[in-house]
Amino acid sequence: MTAKDIGAREITVAVLVRADGEVDGEQLAYLQEKVDAAVDRPGLPPVNGEVRVRRASAHHVELPWSGRTDIRVGNDLVVVHAREASAGELADRLHDRLRSAIERVAHRSNTDRRTAAPPPWRGGPQK
C-alpha cells in the first residue's frame, strides 16, 4: 500500500446484482458480498455497474450457473464471465476473476511496475 492509497475515501461503489431463473435471496446475498469484497479497496476510482446471474432451467445442463459482470472502474470497463455447477462456486469464481481484473486496471498506469526499457525481442537495447 502506498501513501496515495492511505486516508479517508468516499464510498462510490454502486454495483447491482440481478438474477434470472431460480435464484434465492441467500445466494444473491452471498454473491453481493463477494462482489463488494472485490471492488471495495482503497485507491480505486468510482466503481459502478452490474452483475447478472442466471440459472439454467434445464436439469441436464452440466454447469447451470452462469454469471457476467459489466463494471466500470473509472474510465475502464471490466467484463468477467464464469460458469459453474453451484451458486457458491460461481460467486467465488466471479470474485477471483473480478479482483484480478480490477488489479490489472488499477495498476495499468503505475509506471513503478514497468521495466525501464523494452526487452531485446521487442526492440530494446541489445546486450
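Which residues in H1 meet which residues in H2? In this predicted model, local features need pLDDT of at least 70 and side-chain atom pairs count only at pLDDT 80 or more, while totals for chains, interfaces and linings use all residues. Residues are numbered from 1 along each chain as its sequence is written, and side-chain values use heavy atoms, with hydrogens and water left out.

From H1, Gln-27, Tyr-30, Leu-31, Lys-34, Val-35, Ala-37, Ala-38 and Val-39 meet Ala-87, Gly-88, Ala-91, Asp-92, Leu-94, His-95, Leu-98, Arg-99 and Ile-102 of H2, where contact means heavy atoms within 4.5 Å and helices (H or I, at least four residues) and strands (E, at least two) are DSSP runs numbered from the N terminus. The axes of the two helices, which are lines fitted to C-alpha atoms over the stretch in contact, with angles from 0 to 180 degrees between N-to-C directions, come within 9 Å and cross at roughly 15°. H1 and H2 are therefore roughly parallel to each other, a term for angles under 35 degrees.

Leaving aside neighbours within four places in sequence, Leu-98 is in contact with Val-35, Ala-38, Val-39, Thr-69, Ile-71, Val-78 and Val-80.

Note on methods. Parallel < 35°, antiparallel > 145°, perpendicular 65-115°, else oblique.
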